[in-house]
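Here's a quick tour of a two-chain model, for reading with the structure open beside you.

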Amino acid sequence: MSDFLFLYRGGDSSGSPEEMQQNMQKWVAWMKELGDSGHLKAIGNPLEPGGKVVKGKQKSITDGPYAEAKDMVGGYTLIEAKDLTQAAELSKGCPIFEKDGFVEVRPIMQINM
Amino acid sequence: MEPRAVEPDEHLFRHEAGRMVAVLTRLFGVHNLALAEDVVQDAFCRALEVWKFRGVPENPSAWLMATAKHRAIDVLRRERTARTFAPQLGRFLESEWTLAPVVHELLGAAAMQDDELRMMFSCCHPGLAEPAQIALILHILCGFSVGEVAAAFLSSTAAIEKRITRARKVLARSKKLFELSATDCSTRLSAVHRALYLLFNEGYHGASAESAVRVELCGEALRLAGLLRRHPLTATPATLALGALMCLHAARLPGRVDSSGELHALFEQNRSRWDRALIAEGQRLLDLSATGPELTQYHVEAAIASVHVRAQSPEETAWERIISLYDTLMAIHPSPVVALNRAIAVAQYQGPDRGLEEIRTIDGLDRLASYPFYPAALGELELRGGRPTPARDHFCKALALARSPMERRFIERRIGACLIGDCDPQE
């Protein structure tokens, strides 16, 4: 088994209260499913939308955005899977796709020393 | 026991949205309603992001309210020089010493319940037509988006948007939420009753085809009527009777529309599907409502519903009692629809031809011209009188007037019954 990071990018979370609740419940159900099938290594965290970018030799500090709003990372989860193919397959259940967002699946580098 | 037309947590966000907007509106003033809605929307966005990962907390309402509270204090700090907020609170909001304590006090649980009521009364502003009042209640207090209100009324989003925008302007002019003082309360209470009654009817008889929407509208009306019962100033006999009426009708919903979305007339409903708990609650409220000098339309309609739910079958129904209750209803609240229902009861008791005679003598019959259940009733009685040909003509007229696919399919089934001469609608 290897570890993978799911980065949740973009996704429109606005809507009527009813739609927001349904969206939230889908996420909770999906996370539970990942946990029940033994693929959830760490549920991770949501990220605040705001922040700073520190950049260049001058170390200039500016406010976000760090990417287009539609690509912004909203949270992350640590996943365990057989390989990258399986990890990508697992991400397909994420409710973010219904809200125009996407999941970036990144293998965590294996360090054998 | 409270009636449970909907699961307790199923509409948590919607219900909390209504409560939170109401309480923040007291803080910000009605003219800043949009600001209150923004703060609530922010709190929900936050809840959505956090709960996705952490799951729903033990006390989600408190979590949401605490989040909204922080956000409200931020907004008040930022905007207090640019805007005026609730006039009676203005001075307290100006000083850092009093700002947070006042917000905490206002957002306490006891105050919140009153705020929902006060918002309900504010929405029933005399300057607004009833459809606007109901749209506003659904939008603000029940957390329906404009699109969801439009779906419930089979209206266009643009039309509802316009209606709600106009209604909000009228509301904003009143600056602060309605005061629940004894005199003001009793004068506007009947308008509130009427709006909740119409909201319930929209769910029960209305245009909306989808049964989920219908049940939701009835559920919302039940919930808001429950709020009226919890406050000493609004828990009047009429309020209790309205609650009884809603429970006794809602109890029949599972039999009225079956799992495949087919509409069934009272005479053909599977009575074992009626909700016993709601019937018991309705009866309890009806008993409690029988005090005081005033006999309202709601008392009589609840009493009629109560006779129906107590009968095991259409034949065992106390039709004579129902006719006399309709006579009472005609005396206090006459309308062609009431007269039509009375005529149908007469037909049950004294045969279809007597029923048809009653229909012919209804005052203001022309007002039923676009009501599909008027020709449908004529068709039903002609069919029962053994005259399938005129019956069929009436049902065809009814079909042209049907307001939803569900009504259409119901009437088509009756047309089918005319063709095979089957006058018994029981399955």
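**The sheet in chain A**

Ser2(A) stands opposite Ala81(A), a residue of strand E5(A). Keep in mind that this is a predicted model.

- Strands E1 (residues 2-10) and E5 (residues 73-81) of chain A run antiparallel, and eight bridges join them.
- These two belong to an open sheet of four strands in chain A, ordered E2-E5-E1-E6, with antiparallel pairing.
- At the edges sit E2 (40-46) and E6 (101-107) of chain A, each pairing on one side only.
- Going from one strand to the next, the twist averages 15 degrees.

**Helices on the sheet**

- Chain A brings one of its own helices: H2 (residues 84-91) of chain A lies across E1, E5 and E6 of chain A, and runs at about 160 degrees to E6(A).

**Where the chains meet**

- How many residues does the contact take from each chain? It's 19 from chain B and 17 from chain A.
- On the chain B side, the elements giving two or more residues are helix H1 (12-28) and helix H2 (33-54) of chain B.
- H2(B) gives the most to that side, with eight residues.
- By class, the side of chain B that touches chain A has eleven nonpolar, four polar and four charged residues.

**A helix crossing in chain B**

- The axes of H7 (residues 130-141) and H9 (residues 157-173) of chain B come within 9 Å and cross at roughly 90 degrees. That angle is why H7(B) counts as roughly perpendicular to H9(B).
- From H7(B), the contact uses Pro131(B), Ala132(B), Ala135(B), Leu136(B) and His139(B).
- H9(B) answers with Ile160(B), Arg163(B), Ile164(B), Arg166(B), Ala167(B) and Leu171(B).
- Sorted by class, this contact has eight nonpolar, one polar and two charged residues.

**Domains of chain B**

- The domain assignment gives chain B domain 1 (236-310), domain 2 (318-369) and domain 3 (370-427).
- The C-alpha centres of domains 1 and 2 of chain B lie 19 Å apart.
- Seven residues of domain 1 are in contact with eight residues of domain 2 in chain B.
- On the domain 1 side of chain B that touches domain 2, the residues divide into five nonpolar, one polar and one charged.

Methods:
Residues are numbered from 1 along each chain as its sequence is written. Chains are lettered from A and ligands numbered from 1 in the order in which they are written. This is a predicted model: local features need pLDDT of at least 70, side-chain atom pairs count only at pLDDT 80 or more; totals for chains, interfaces and linings use all residues. Axes are lines fitted to C-alpha atoms, for helices over the stretch in contact, and angles run from 0 to 180 degrees between N-to-C directions. Angles under 35 degrees count as roughly parallel, over 145 as roughly antiparallel, 65 to 115 as roughly perpendicular and the rest as oblique. Two residues are in contact if their C-beta atoms, placed from the backbone, lie within 7 Å. Ala, Val, Leu, Ile, Met, Phe, Trp, Tyr, Cys and Pro count as nonpolar, Asp, Glu, Lys and Arg as charged, and the others, Gly among them, as polar. Two strands pair if DSSP finds at least two bridges between them. Domain bounds come from an automatic or database domain assignment.
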